[in-house]
Amino acid sequence: MTTQAAFDPGAAAARATDAILADTLHGAHRGVVVDSPPGAGKSTLVVRAALELADAGRPLMVVAQTNAQVDDLVLRLAEKKPGLPVGRLHSSDTDPYDKALDDLPQVRKSAKAADLTGLPVVISTAAKWAHVKVDEPWRHAIVDEAYQMRSDALLAVAGLFERALFVGDPGQLDPFAIVGSEQWAGLTYDPSGSAVTTLLAHNPELPQHRLPVSWRLPASAAPLVSDAFYPYTPFRSGTGHGDRRLAFAVPSDGSGPDRVIDEAAESGWGLLELPARRTPRTDPEAVRAVATVVRRLLDRGGAATSERSDAPAPLTADRIAVGTAHRDQAAAVRAALVDLGVPEVTVDTANRLQGREYDVTVVLHPLSGRPDATAFHLETGRLCVLTSRHRHACVVVCRAGVSNLLDDYPSTEPVQLGTVVKFPDGWEANHAVLAHLAERRVVWRP
Amino acid sequence: MSLISTLARLEAVATGHAQPAATVRHRHLSDRPLVFVPLTTAGEAGAPLGALLGTDRDAPRLLVVPQPRDRDLRFAFLAELADVVLPYVDGYAEAVEAAERTETDPETGKRVKVEAELCADAPQLIVPSRAGIDFVRLLGRSMRFRRTAEQDPETPYPAPPRVPLLGRWLTHVGERARVPGSALLLAMTDVLARHWATGQSSLEDQHLGALLAWIAPPDDEPGTEAALRAELARDAQGQLLCPPAGPATDPAFDNRLLAPAIERYDRARTAFAAAEDGLEADDRLGALTAAEREIRDLVLSRTLPTWQKVWQGLDLLRALPAGAHIEERWTRDRWSFTGHRDRITAGEPPQPRRDDAVTAAGKLAAREREQARLEAQEALDDPLVMAGRRLSGEAFAGEVTDVVMAYSESRRPSPRPLITVRTGDRPHLAERVRVYRSLSGKPQAAEFVERAGDDLIVLRIVDKMGRGKTPEEGSVPDKGDPVCFTLFEHEQRGGAKLPDPEQTPWTHGGPPGEAVLPEADPMTAEDLL
Amino acid sequence: MPPPRTRGTALRHRLAELRGTDVPAKAMDARALAALAANPGCERRAILDGAGVDKAALASALGAPSAFGQSQFALVRGNAFEAKAKADGGAELLRLVHEKLDRGAEPPARAHVPDLSAIGPEGRSARTALALREAVEARDWTLLDHPMLALDVAGSPAFLEPDAVVVHPDGSWTVVEIKSFPMLDGSADPAKVGAAARQAAVYVLALEQVAARLAPAPRVRHQVLLVCPKDFSNLPTASAVDVRKQRAVTGRQLARLTRIQDIADALPENTCFSPELPAAELTAAVESVPAAYAPECLSACELAFHCRDRSRAAGAVTSLGRAVRAELGGLATVGDVLAAAGGETGDPDDPAVAALRRAAELRAEALGRRAVGEAVPCR
């Protein structure tokens, strides 16, 4: 196929970025929306757009969703352009920002927006911006993680800027409300919906772009993640099948964990399947299996070769992460890792892993050992986050029988008129991922 | 469902009796609630069939629509309903107390305290079940846009004078019922299920008869059997012994009793209308009255058992001691009532069909705040609720084993005492996580420092110790004191400042435009309500 | 392995035996097919539906009659509304389809409403297929009033009768569902809309089978039109409903129905569900197929009261709700859970057991009780 042979990911990504920046800086529309699949260079885009807007002399406010995201952006901006004065608007809580910001002289920090007026770029969370009042709005704003922002949060800050660039990943976890909001379902401005949904419902003419290349996901993962979670906005891997390699100095000892590691190193995916059993969330066997896989990944002297450098990089603890659905599962895995002498590997829930990147991830399947599937466990975004954090390989630990669990899931959801249906839904996406993993299965009885 | 409530349900199964799900009452109950037991006609979107209502358990008022498809009869029903409900509501509008309210000063934009009136008490409507709440909303929606002859002399079918006003009040309490912890409109099944765990599922708990069968079974019968009877037992004519709490009726009732009775009524009415002389009319009026009486009796027979059960439920709930925070939440209900009273007095139009973007966002934010407040307050008021939070790692209780005085590193050092708590709980603590305990009703904050052992937690107390160098008396726990800290905050912060509706930004469609009086629903020959 | 045809015939024969000789099969309608997704884990329901057993009659024969019934008021009103929605030769219905689903097309000037009458369901479905093909060729708006569609369900045809199907000028097909619950200010009871969407998805699947036999296959739209009374009036209004999810789920469950062969194979010889049999025998037959009872069944399955009795008698925790099981791990009965919570049984290293004991302690402490066994009636 000639189109495939001609596909140059770098050029495709550059074209998309140029078009986005052109619309942002010179377009006629008040808003520009950018969909960014996992690892497609969203942060790079945000930093670049911010710098170009600052260069053009347009006062810019940046809205992110969490303090960690805000601090991360400040650090990236400082790294790219150390001379640029940046305002970090923060809350009046204790420890409101990352201490690393104190080392940057060009970053002015304050809990009052008035202290930061005149700076080319001011960055804060949506929650903090919602308390700011201005006489004259900012000429420009960048709204980061716009798909994770609720419509009502955008309502509270949209009066602060004239025009904005909205960037986010539509495949990750949707925002939610802790009380019922059915009475507004179907309204274009449903306050519990995503900011982008409201924005586009009211401004359908806004230019929508997407970043077409995932630089994080390897060639083995991009098609699956794209098909299962982004069927209407497909993307590709920036690297080819031979570009990434994961090798281990120590050969397999033949155990389940070692075999699944080899499978994942070879094919990018590995399913370590434990015997079917109904378990509590913190299934001790599964938790131990996850910890053992991590321990063996480290013990076997992994080396990751990628396009980033010629020499293989050692697979160290900071390049591995464990993902779970629940906090207590994360806590149990952490404890198990401490028992195995591996305290420094990141273990977190899908919510907290959003936006992060590792070489290898080990995932405790959200449905493993459960007596039944629930809407929470079937949420598309949860599985999408867990299966799209890795550059090289992803090992999923799961008890057998999840496919039946999905088939037995009672489908009696209520339907609200006028709402946009998310399809494929989590049920469908889970089936797709499981079907793929089934071919990478290592059956193990610990 | 948390394990603690699961256990309570399983214990209920094992003992045959409902088990406590709360040790105190978590909802305000009025001394004089208005109980409302409505029935609707099947298939006819909210067309009322009748209702039993009132504030006196021994003297309910029965309202009946003998032919639900007849507009005049429906209007007569709604007018009567207004005659009962509105005087009850108005009865709370007069007595006020002086209070303060925070408002935004239009000139300076600052938040300032202003003197305000607050109604000393508020009305409380109680319906049997959640479906009853939906029905109240539906009634409100159907009435509030109606036009009376006075409002619009041209209207072809003028509504009785007070009907639109009743619609606005029902809409208001229906909307308020969506606020967590509010009590202007309550469903008896919801309130009972909040306080008792039965040996059946929460789905089955929505049947008022079955729910009460578990909580207070007649003659100490096992709950399972009593509930089963309440759900399914029928008499010789195939009618349920415990009629559903409504507003929907049992199809067997509709088909075997109600439909023939309505048919007889229709016939009697036609005959009456066709009467040719006074004597005949007199005769036929008697027949018509008898036919109407029959329908009234039928409606009474289906609503009276539910009426009695609602009052029985009230008795059970009143026997529980009141939670410490319910008065505070009721005060918010009183503000809500006062606010709506003022809007009506000021001549504002009825609530629109749909909220605008700013109103919707404001309501959602307020409800999320109330939800968090309710969860915190219920835990502080009720050790059984707190037990659930402790189990889920959101709180811990224990005994202080050590207190070490320490000070902050500032120019004027303030006390920052370190306390060690021994606890069997497993809270989700991480570095510098804040925890709170209730100190004479106010939250005192502390920071997590470290775990000093398997069951020892070291905290640094950071506030509520006064301005001096030594902490105020009683502001730091002593060795041996029992303490309970929560990871959740006890009080809720104010939410984001939303724009005025006329400042709605372009992202949300811009300003909604001039508020216009919503059009009344068009009347057609076959409209239903 | 025998060829599929023979295997299909053998299964049909076996299912007829299960139903009982001389007991006619209860036809599968769209509502029954949509219900396949309501509790797909229930083998009892799968085999009974698959064999065409009349579950209402069976429930009565078991002494636990179902409580489903319809009020004649609702029935009368539903029929009156459908007639109203289809009045004027379907002009209003076509107008709604155009407005809600296909604004780009020419507005319907007049409605073609082909005559679909024929003898028997096979005849009617053949007539429908023909009318569909002609309508595609006509390139104009066509309304099929109560067409008949055949859908292959585990080897046997099920005949389905949607309220209406509309053929667009571009040759695509839309399923129309007419319901008598109201759309109030643009929204409707989500549970009822969900049920309507699942039912419509079955029609979409059946239409797709018809379409697949035409070349080129016409497009069956995955948005259906739901027509309901507007607000408090009797005037029709409509909303487009996306049924892709429901279609995917029902399609998969239909494909899985082949497993009724396995379920049938696992039953003892001479098992029969005929309502004519004595209650004890019938109970034994029903009990020989495992059920997956949950409280949601009460509003979805005629047999629910029987299954609830058995589930409660067995002490299954799921009789209190599916969610109850979530944190109990392998513990499945009330007795086991309480014993584990009370410290009498269970491995303390099992996190489920440990959490239960902790929960029991905390609960007892809060209630001022000693231990879990001492639960008292609360009056």
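Predicted model: local features only at pLDDT ≥ 70, side-chain atom pairs only at ≥ 80, totals over all residues.
Chain C contains 14 helices and 7 strands. Along the principal axes, the C-alpha atoms of chain C fill a box of roughly 80 × 55 × 40 Å. The chain has 379 residues, of which 47% count as buried. Among the contacts in chain C with a separation of 6 or more, 63% are made by residues 24 or more positions apart.

In soluble globular proteins, nonpolar side chains tend to be buried together. In this model, the largest nonpolar core comprises 198 residues, and within that core V290(A) and V397(A) touch the most other members. Helix α8 of chain C, residues 190-212, supplies the largest share of this core, with 14 residues. At least three residues of the core come from each of two domains of chain C, namely domain 1 (4-69 + 258-291) and domain 2 (72-242). When residues up to four places away in sequence are left out, V290(A) touches V322(A), V333(A), V362(A), L364(A) and V397(A).

The contact between chains A and C involves 28 residues from chain A and 32 residues from chain C. On the side of chain A that touches chain C, 11 residues are nonpolar, 10 are charged and 7 are polar.

Definitions and conventions. Residues numbered from 1 in each chain as written. Chains lettered and ligands numbered in written order. Helix = DSSP H or I, 4+ residues; strand = E, 2+ residues; numbered from the N terminus. Buried ≥ 20, exposed ≤ 12 C-beta atoms within 10 Å, placed from the backbone. Contact = placed C-beta atoms within 7 Å. Core = buried A, V, L, I, M, F, W, Y, C linked by C-beta atoms within 7 Å. Domains from an automatic or database assignment. Nonpolar A, V, L, I, M, F, W, Y, C, P; charged D, E, K, R; others polar.
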